Amino acid sequence: MAQCVTKVELSISCENLLDKDVGSKSDPLCVYFISTGENQWAEIGRTERVENCLSPKFSKKFLVDYYFEQVQKLKFGIYDIDNKTIDLKDDDFLGYFECTLGQIVSSKKLMRPLVLKNGKLAGKGMISILAEEVKDNRIINLQVQARNLDKKDLFGKSDPYLEFHKQTEDGNWQVTHRTEVIKNNLNPSWKAFKTSLHSLCNGDLQRPVKVECYDYDNDGSHDLIGIFETNVAKLQEASQNATEFECINPKKKQKKKNYKNSGTVIVKSCQIVKEYSFLDYIMGGCQMNFTVGIDFTGSNGDPRSPDSLHYINPNGFNEYLMAIWSVGMVVQDYDTDKMFPALGFGAQIPPNWQVSHEFPINFNPDNALCSGVQGIVDAYRNCLPQVRLYGPTNFSPIINHMARFAATAAQQQTASQYFILLIITDGVITDLDNTRQAIVNASKLPMSIIIVGVGGADFSAMEFLDGDDGVLKSPTGEAAIRDIVQFVPFRKFQNAAKEALAQSVLAEVPQQVVCYFNTRKMSPPKEQKPEDLLDF
């Protein structure tokens with residue numbers, strides 16, 4: 001029987017947050033975590049940061065797979081962000097809330113107090129979480145501009161931005177998207193954006209949508225320029241016939257007899273397209289190709305010594321094997337032939353004892369494939385006594401090796417193949433510049449890279465490659481077009497449940513798969529019909 005999966009969209013807002021900033025208000029952001037074991041949490045996403053606001057309504061939503069038969073523990077942490085680093089340790093903590101997804105879904109809207117790490121209440125801080133089932137996988141691509149907006153600033157023009165609101169079932173308005181602020185401009189053209197049709201109008205093209213135009217102020221007291229109400233059907237029409245929407249300021253309209261408007265908004269483009277989910281791709285025949293890269297450099301220590309990271313203990317395990325088993329057991333379910341390439345790097349290999357940075361660990365240069373996860377484990381155990389651990393630690397050859405296969409798959413017209421490279425390593429990268437270039441190149445291809453750090457070395461270079469704290473750039477300044485690297489230190493999961501490591505490292509993969517294929521408008525090899533999904 002197929003698992004019962006429902007897509008649920010979570011909207012977050014807060015009230016009365018702690019004020020941690022001197023001379024201004026907190027700049028809050030919400031971080032969403034899922035439980036991966038006892039007291040273990042994996043970060044899944046973040047909302048936008050709202051400046052100078054103690055009662056934020058976050059426009060970014062979290063899309064969650066809801067499994068009726070599982071207890072899905074979630075945590076929402078609120079932080080005051082005053083710098084550009086991704087690390088939350090240097091940000092003020094405003095409180096958190098833990099619950100299960102089932103609690104949110106059964107309440108529809110859950111409102112609870114935030115607590116601090118010591119268990120005490122975070123002042124009067126409250127969090128509200130609204131859950132809505134998502135049945136519509138269409139998205140809307142919108143680009144808008146405005147003309148002749150009111151001048152609101154004394155010493156300059158206005159700094160306008162737009163907020164889009166949808167009307168909820170009870171008639172209230174909920175913010176669904178906030179554009180960027182354009183400084184000092186009464187005729188702004190905002191960047192194109194996309195949002196789910198469900199978020200904007202519950203998939204109903206006739207449902208009212210309210211658009212509010214504000215003049216941004218640093219202290220958070222943004223001035224209303226004007227408002228108009230419309231719906232998605234009218235936005236589509238307006239993009240074709242150049243209709244302009246009048247921004248009306250209710251107070252001005254009341255005061256001035258000859259008031260016309262406070263500016264107009266023009267829809268430059270409005271497209272509705274279907275966006276496939278990870279399950280659409282998998283169930284539609286997309287193959288996940290899994291490859292392992294294993295670090296055989298000298299810094300791991302002599303495999304015969306119990307101090308070595310390659311030492312296989314009396315129970316038949318080491319950190320390398322545990323990482324292979326943990327990630328491989330999940331990924332192999334998505335690969336029909338279950339034949340996986342396994343490569344080593346950083347060792348001198350027989351018969352000439354030359355250092356190699358991409359050798360098949362089964363020593364078959366014509367076929368590096370291993371049968372199943374067990375085949376990788378067997379090849380690794382067999383390889384270990386036959387190589388000399390050496391160096392340096394070069395990642396780029398293995399990344400480029402896999403990228404060649406991904407580049408071939410990228411030529412196909414449908415989303416038939418995606419590649420996952422698991423690199424297990426003990427430490428510092430020697431070829432950091434080449435690796436950065438290799439990752440930036442690979443970001444254009446159907447592949448993701450997971451790095452598991454074993455041992456207790458300094459992994460700061462790995463954190464740098466994980467594009468979570470800003471966009472990774474090549475040495476020449478070229479930016480990665482998407483984040484494809486996920487790094488985790490194995491030690492963090494040493495005492496956690498055996499599923500915890502896989503859940504953490506694979507958490508971003510579905511999103512990366514969807515991002516790659518949807519941006520290229522590639523559909524699954526075979527479309528799923530509703531009757532195909534009924535597997536009882």
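Predicted model: local features only at pLDDT ≥ 70, side-chain atom pairs only at ≥ 80, totals over all residues.

Modeller: A residue is called buried when its relative accessible area is under 20%.

Start with α8, which covers residues 396-410. This helix has 15 residues, and the distance from its first C-alpha to its last is 20 Å, close to the 21 Å expected at 1.5 Å a residue. Its buried residues are Ser396, Ile398, Ile399, His401, Met402, Ala403, Ala406 and Ala409. An α-helix has 3.6 residues a turn, so residues three or four places apart point the same way. With that in mind, look at Ile399, Met402, Ala403, Ala406 and Ala409, which are among the buried residues of α8. The elements that cover the buried residues of α8 include the strands β17 (287-295), β18 (339-345), β24 (417-425) and β25, together with helix α9.

Helix α9 comes next and consists of residues 432-442. Buried here are Thr435, Arg436, Ala438, Ile439, Val440 and Ala442. They pack against α8, against α10 (460-465), and against the strands β25 (447-453) and β26 (485-489).

Now the two strands. β25 and β26 run parallel and are joined by 5 bridges. Within this pair, Ile450 stands opposite Gln486 of β26. Of the 5 residues of β26, 4 are buried, which means that this strand is largely enclosed by the rest of the structure.

In soluble globular proteins, nonpolar side chains tend to be buried together. The largest nonpolar core of this model has 56 residues, and Phe290, Phe296, Ile361 and Phe517 have the most contacts inside it. Another core, of 28 residues, lies apart from it, and Ala406, Ile439, Leu465 and Val485 are among its members. Two of these names have come up already: Ala406 is a buried residue of α8, and Ile439 is a buried residue of α9.

Definitions and conventions
Residues numbered from 1 in each chain as written. Heavy atoms only, no water. Core = buried A, V, L, I, M, F, W, Y, C linked by side-chain atoms within 4.5 Å. Buried < 20%, exposed > 50% of the residue type's maximum accessible area, 1.4 Å probe, protein only. Contact = heavy atoms within 4.5 Å. Pairing = 2+ DSSP bridges. Expected span 1.5 Å × (residues − 1).
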